[in-house]
Amino acid sequence: MVKKYLMTPGPTPVPAAVAAAQTAEMVSHRGREFHELYQYVAATLRDVFGTKHEVYLLTGSGTCAMEAAVANLLSPGEKVLVVRSGHFGNRWAEILKEYGAMVKTIDVEWGRAVNPKLVAERLAEDTENEIRAVFATFVDTSTGAVTDVEEIGRMVNETNALFVVDAVSGLGATDYRMDEWYVDVTLSASQKSFMSPPGIAFLALSPKAWKVCERAKCPRYYWDLRKYRQWAERFETPYTPAVATVRALATALELMMEEGLPNIYARHERLARATRAGVTALGLRLFAINPANVLTVVRPPDEIGADDLRDHIARNYGVYLAGGQGQLKDRVIRIAHMGFVGPFDVVHAITALEMGLVDKGIVLELGTGAAAAEEILKEL
Ligand SMILES: Cc1ncc(COP(=O)(O)O)c(C=O)c1O
C-alpha cells in the first residue's frame, strides 16, 4: 500500500468530521432540521463572500453555478466581455457562446493577470453601452494567477455592465469582499477551500444583477434563480438538494468559523509562500507572475515531462499533484494548498517533488526544497 496525499486543486482533502457529517441519518429537505442547516450555511457563506445579499445553494459543481449565472443574466445576442486568462476564462466564453451571447474577449497571456486598465479601456470604447456584463475569474486554477477583482470592480461599477466573478478558486482561503468590490455576481463551490466534498455550488447576486435577472430571456428551468430566491425565504431550495453535502458543508463552515477568516487567510498565505520557496529552491520555475495563495503552478525542467514526473510521484510516493490543463497539458504541475491543509502538506509535496526529480536524473541535494519551505513554515 502507498498512503495517499491528495494535493489536487479540487476535490481537496476533507476533515474527518466533515466526511462523517455526510453519513448522518437523512432528513427531509422540507423539514425543520434542514431549515436550520440551510440557514446556517447561507448566513455563514454571506460572511465568506463579503456580502449582505442572500447566497443561494445549487446542487452541482462550480460549472453549474457558472451556467446558472449566464442563463439568468443574459438574453441571446447580447454583448459581453470575458477576461480570458486561462482554462476557466475559456469556460466562461464557451458557456456564453452556447447561450447565444456575442462574446468579446480580453485575451491575457496565461500566467499573467489582466491589467485592470485594459478592462476600463474596453468599457470606455463601448460608447453605446452594449456590453451587458464583464466575466472574470478570481484565481484561474489552470495558471495559478490572481485577478485584481477589486480594481476591475471599481471600473465596471462606473458603467451599466454587471461584473460576474468565478471565485470557485480562492474564495474561502483569500480575502474577498463582494459588496465592497462592486461585484454583482460571485459564485463558488464546496470542493476547494471549503474542505467539503463536491456537489454544492453557491452564488450571490447584487440588486443590480437581480434587475437584469428579471428581464433576461435565455431559457432556464432548473437554474432559474428567481425560484431559488422564493424558496430561500423558507430556507429551502426549489428541488431536492444534495442534503448530505449541505450537512458536510455546514460542518466545514463551523470549523472555518472556529479558526476565523483572518487566520485562514494568513495560513494560506504562509503555506503558499513556503511552497513557492520550496519549488524555487529546487530550480523549478513558477508559472504565474502574480501567484495565488491557493495553488502553485510550476514548470518542471525542460528535459522532463510534467505528467511523467507527476505519475511517478503518485505511484511511488502517494502524493497526488495535478497536471496542466488546455494549452498547459503536460507542461506544468499544479500543487494545491487550499482548504484542509497545514505545514506538513507542503513538506510532503516539496519532498515528493524533490525525490521525483532526483529519480528522474536531476542533480539535486535531497532536502534542498524542504529546507527552504521549512524556513518559512517555522515562522508559525
Ligand atoms: C476557477 C474555476 N472555475 C470553475 C471550475 C469548475 O468547477 P467544477 O469542476 O466544480 O465544475 C473550477 C474547477 O476546477 C475552477 O478551478
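This is a predicted model: local features need pLDDT of at least 70, side-chain atom pairs count only at pLDDT 80 or more; totals for chains, interfaces and linings use all residues.
**Ground rules.** I number residues from 1 along each chain as its sequence is written.

**Domains.** I looked up how the chain is divided. It splits into domain 1 (16-257) and domain 2 (260-377); the bounds come from an automatic or database domain assignment. Their C-alpha centres lie 28 Å apart. I then checked the contact, where two residues count if their C-beta atoms, placed from the backbone, lie within 7 Å. Domain 1 gives 24 residues and domain 2 gives 23 residues. On the domain 1 side, helix H4 (87-98) and strand S7 (145-146) are the elements that give two or more residues. Helices (H or I, at least four residues) and strands (E, at least two) are DSSP runs, numbered from the N terminus. I sorted that side by class and got 10 nonpolar, 11 polar and 3 charged residues. Here Ala, Val, Leu, Ile, Met, Phe, Trp, Tyr, Cys and Pro are nonpolar, Asp, Glu, Lys and Arg are charged, and the others, Gly among them, are polar.

**Strand S3.** Is S3 (residues 79-84) mostly covered or uncovered? I found 5 of its 6 residues buried (20 or more other C-beta atoms within 10 Å of their own, C-beta atoms placed from the backbone). I next traced its partners; strands pair if DSSP finds at least two bridges between them. S3 runs parallel to S4 (residues 102-107) over 6 bridges. It also runs parallel to S5 (residues 131-137), with 4 bridges. I followed Val 80 both ways: its bridge partner is Val 103 in S4 and Ala 133 in S5.

**Antiparallel sheet.** I read the order of an open sheet of 4 strands as S11-S12-S15-S14, with antiparallel pairing. S11 (285-286) and S14 (322-323) stand at the edges with a single partner strand each, so one side of each has no neighbour in the sheet. S12 (residues 295-299) and S15 (residues 333-336) are joined by 4 bridges. There I found Leu 295 opposite Ala 336 in S15.

Technical notes. A residue is buried if 20 or more other C-beta atoms lie within 10 Å of its own, exposed if 12 or fewer, and partly exposed in between; C-beta atoms are placed from the backbone.
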